[in-house]
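Reader: I would like to learn how to read a structure. Please show me one.

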2 protein chains.
Amino acid sequence: MKEFRKFVEQYEKIPNHDWEIISGQFKKHELPKNFNILEQGSICKNLYFLESGLLRYFILKDGNEVTKFFTIAPYCFTSQASFNSKKPANEYIQTIETSIIWETSYEQNKKLLELKSWNSFARKITQEVQFFTEGILEDLQSETAEKRYKKLLNNQPELLQRIPLKYLASFFGVAPQSLSRIRKKLT
Amino acid sequence: MKEFRKFVEQYEKIPNHDWEIISGQFKKHELPKNFNILEQGSICKNLYFLESGLLRYFILKDGNEVTKFFTIAPYCFTSQASFNSKKPANEYIQTIETSIIWETSYEQNKKLLELKSWNSFARKITQEVQFFTEGILEDLQSETAEKRYKKLLNNQPELLQRIPLKYLASFFGVAPQSLSRIRKKLT
């Protein structure tokens with residue numbers, strides 16, 4: 001729980017009194033790798049904090065997995081549209097590594113949002129997620145797979161070691177063989 | 001200002017007392033079409049409400065304009081990353097039509113965020129923007145230009161009439177001629 005508070009306080013200072021309420025609403029789970037936290041068609045009922053591990057978001061398109069993005073610990077996550085609308089998700093959330101997560105329900109989170117500190121934290125992290133998503137979109141609209149790979153290599157080289165090639169390839173929108181060629185060229 | 005309150009209250013009920021404070025912090029501007037509200041390299045110092053009109057966000061990539069997305073009234077907008085970090089924006093925001101906007105500064109918005117009602121509104125609309133951005137990203141990762149055009153045709157047909165072909169083409173990532181062919185095929 002210490003890790004979680006440390007993470008939250010990078011965005012918003014949380015008074016002790018508020019933290020007692022917040023921490024009381026989260027439950028811890030340890031998940032194996034390749035575990036589906038959420039499946040397409042299910043409603044995402046929880047908001048999560050990823051204490052350790054690594055996840056990927058993907059959709060199934062004509063039987064193929066298309067990786068939307070990755071979430072690396074420590075970070076908060078959910079399937080935003082499904083969580084907020086209570087409608088079935090159109091995506092999977094799957095662990096790539098053994099992961100420790102903390103979860104709270106929609107109703108519990110709704111109560112927490114009555115706290116000004118938690119409301120501000122939620123606003124700020126949503127802004128950041130929006131910023132990240134826009135960055136991925138912009139890169140996809142304007143850069144080649146090779147340039148996008150290079151960028152990730154410069155910014156988060158350890159991530160490239162931890163993510164299996166096939167997931168990376170589907171994130172970059174190329175065949176695994178093409179990504180292997182890009183990889184060889186750049187090393 | 002009535003339009004603005006109506007818009008905000010779709011997300012969060014605003015007490016009269018709060019609305020007096022909020023509305024006091026916004027200034028109205030009428031802008032001609034093709035006007036740059038923000039230029040790449042400048043800091044986006046304002047948060048805006050688009051009361052009427054239509055905008056596009058674009059970046060310059062090797063001298064070419066790449067359209068990221070469109071904002072249609074009524075909606076709130078800013079250049080999120082630049083506005084929050086006070087760093088130069090990497091995008092342009094330009095009017096496609098004559099537009100009426102309301103603006104407030106970073107500092108004024110910061111004060112407004114002390115209001116629980118405004119903080120909640122800000123969190124909810126950021127969530128929605130994140131949801132829209134993720135949708136565009138997902139479509140771009142998994143759909144052809146033709147399918148994406150078809151989707152927009154079904155969901156917002158009037159938008160296709162209002163946006164010049166060249167901007168639509170750069171949003172779909174195809175040449176204007178290709179988009180013309182898609183258009184002919186679908187009508």
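Reader: Where does A:Glu97 lie?

Author: This is a predicted model, in which local features need pLDDT of at least 70, side-chain atom pairs count only at pLDDT 80 or more, and totals for chains, interfaces and linings use all residues. Residues are numbered from 1 along each chain as its sequence is written, chains are lettered from A and ligands numbered from 1 in the order in which they are written, and side-chain values use heavy atoms, leaving out hydrogens and water. Helices (H or I, at least four residues) and strands (E, at least two) are DSSP runs, numbered from the N terminus. A:Glu97 lies in the loop between E7 and strand E8 (99-105) of chain A.

Reader: With which side chain does the side chain of A:Glu97 make a polar contact?

Author: A polar contact is a pair of N or O atoms within 3.5 Å; within protein, one must be able to donate a hydrogen and the other to accept it, and residues adjacent in sequence count only if both atoms are side-chain atoms. Here the partner is the side chain of A:Arg162, at 2.7 Å.

Reader: In what order do the four strands of the open sheet run?

Author: Strands of a sheet pair through backbone hydrogen bonds, either parallel or antiparallel. Two strands count as paired if DSSP finds at least two bridges between them. In chain A the order is E2-E7-E4-E5, with antiparallel pairing. Strand E2 (36-38) and strand E5 (64-72) of chain A are the edge strands, each pairing on one side only.

Reader: Which residue of E7(A) stands opposite A:Asn36?

Author: A:Gln94 does. E2(A) and E7(A) (residues 92-95) pair over two bridges.
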